[in-house]
Amino acid sequence: MATDTVTDHHVDTDQEASWTGGGSPFNVSYGKLMMWYFLLSDAFTFAGFLIAYGALRFSMPTWPVPDFVFSTFPGGIHDAPLIFVTVMTFVLILSSVTMVRAVQEGHRENIKGVVFWMLMTIIGGLSFLGCQAWEWTTLIKGESVSVTTNPFGTHSEGGVYTVDTHGHPYAAGVEAETFAAGDPYLIHKGEDGEWIKRSYQTAGGKLGEQEFGPKQFGALFFFITGFHGFHVFSGVLFLTIIMVNVASGVYVKRRNGNEMVEKIGLYWHFVDLVWVFVFLVFYLL
Amino acid sequence: MSSHSYEESKKIVFKGMILLGVITLLEVCIALLGNGHLIHGFELPKLIMYPLMIGLSMYKAYFIVYEFMHMRYEIKSLAMTVLLPTLLLVWAVIAFFQEGGSWGARRQQIKDFNQEYVEGQESLNIDADTKVLEAEH
């Protein structure tokens, strides 16, 4: 029965009356309340992942430097630290804004408005997923990061390279490249698929060779951003379903200001909220 | 539910968009400036950068939950049942970061022990011993 979902909430100011049942102490429908509690549990899931990232990062003497790892931009640009991920963040913020507009139009029962703004939100979500696909492709194919291998290392001492970037001895007259303690490096893969680990001599006279960075980095990055990306993906699916329902008039009968749009809106904002923290720990800190 | 009129609500959304965008830009600027990407040879200490970026992110989170998710307009007890449990995470962060630091310290300790020279013994280098064992198999 469609009329079951009509919301008619009131706050019981009289304590006695609350015990007779039928009231809604939180003044929201069951569905919205449960969406809040689902989001709370989901927040704990994400927090668990991010805290695991922090604990593992704290246990390592060095960690890949974000503004070195994430410095590529479409079009073959390699020296744009954090710019691409800033664009991704803007895309997600914009899609959150269009979602708020959809909810507002829903309250006014403006079906056309809801569908338009939900469509904008879906486009935003898909753009974000596209950006993430590009980012992953660059890391996996271009820079050969995997869940078990992390070619992003950090020098613990300053020194000078004894071979060039291709692993060959320096040609006559070429000045050898120097590095300082804390400088990040990326171990490249040669055309034959072999890693080119450049050898060097530290200022203290020790001979060494580039080593892989902490291997947990790749696993944590792909798992956590992947889990977030999956939330975005399922959000886009639900947005699409609910948009179609709005357009076909399913929620009109319920006369509750398109509350279903509000519920998916809560979920969508939560995805944006999680990104605030993913952005903080993976890209800023 | 918001008690604002439709036009007012639209303005709040627009302001929110600008606010979130500006804060994000600010965060990225702090990261780039602090790591010496904007002004050559100028870097900020991490002790200034990190609290700033964490604080700005917390404000973003607060804004999204209170304005975009309308928590501000919900009954207080509903807000508390959702928000108070997240305080448990404060302890989780303290405990697990402490734990992570300890893993690192123990790993370093073992490394140091391995390099210790003990009189009368050739070497206590466990890494080298393991490699010998592996070679025998």
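This is a predicted model: local features need pLDDT of at least 70, side-chain atom pairs count only at pLDDT 80 or more; totals for chains, interfaces and linings use all residues.
**Chains A and B, question by question**

User: Leaving aside its neighbours within four places in sequence, which residues is Phe279(A) in contact with?
Analyst: Residues are numbered from 1 along each chain as its sequence is written, with chains lettered from A and ligands numbered from 1 in the order in which they are written. Two residues are in contact if their C-beta atoms, placed from the backbone, lie within 7 Å. For Phe279(A), with those neighbours set aside, that gives Val85(A), Thr89(A) and Leu284(A).

User: Which residues touch the most other members of the largest nonpolar core?
Analyst: A nonpolar core is a set of buried Ala, Val, Leu, Ile, Met, Phe, Trp, Tyr and Cys residues joined through C-beta atoms within 7 Å. Buried means 20 or more other C-beta atoms within 10 Å of a residue's own, exposed means 12 or fewer, and partly exposed is in between, with C-beta atoms placed from the backbone. Among the 62 residues of the largest core, the ones touching the most other members are Met118(A), Val261(A) and Phe279(A).

User: And which element gives the most to this core?
Analyst: Elements are DSSP runs numbered from the N terminus: helices are H or I with at least four residues, strands E with at least two. At least two core residues each come from α2 (30-58), α4, α5, α6 and α7 of chain A, together with α1 and α2 of chain B. The top contributor, with 18 residues, is α7(A).

User: How far apart are the end C-alpha atoms of helix α5 of chain A?
Analyst: The expected span of a helix is 1.5 Å times one less than its number of residues. Helix α5(A) runs over residues 111-142, so its 32 residues should span 46 Å. The model agrees with that, as the distance between the end C-alpha atoms is 45 Å.

User: What covers the buried residues of α5(A)?
Analyst: The buried set in α5(A) is Val114(A), Trp117(A), Met118(A), Thr121(A), Ile122(A), Gly124(A), Gly125(A), Phe128(A) and Leu139(A). As a general point, an α-helix has 3.6 residues a turn, so residues three or four places apart point the same way. The cover over this set in α5(A) includes, from chain A, α4 (83-107), α6 and α7 (259-284).

User: Is Glu109(A) buried or partly exposed?
Analyst: Glu109(A) sits in the loop between α4 and α5 of chain A. Its phi is positive, about 60°, although it is not a glycine. There are 14 other C-beta atoms within 10 Å, so Glu109(A) is partly exposed.

User: What is the phi of Arg255(A)?
Analyst: Arg255(A) is in the loop between α6 and α7 of chain A. It has 15 C-beta neighbours inside 10 Å, so it counts as partly exposed. Arg255(A) isn't a glycine, yet its phi is positive, near 50°.

User: How far apart in space are Gln201(A) and Val160(A)?
Analyst: Gln201(A) lies in strand β7 (residues 199-202) of chain A. Leaving aside neighbours within four places in sequence, its contacts are Gly159(A), Val160(A), Thr162(A) and Leu207(A). Gln201(A) and Val160(A) are 41 residues apart in sequence, but C-alpha to C-alpha the distance is 5.5 Å.

User: What distance separates the centres of domain 1 and domain 2 of chain A?
Analyst: Domain bounds come from an automatic or database domain assignment. For chain A it gives domain 1 (32-147 + 217-284) and domain 2 (152-209). Taken over C-alpha atoms, the centres are separated by 38 Å.

User: Which element gives the most to the side of chain B that touches chain A?
Analyst: The contact takes 41 residues from chain B and 39 residues from chain A. On the chain B side, the elements giving two or more residues are α1 (6-34), α2 (46-68), α3 (76-83) and α4 (88-115). With twelve residues, the one that gives the most is α1(B).
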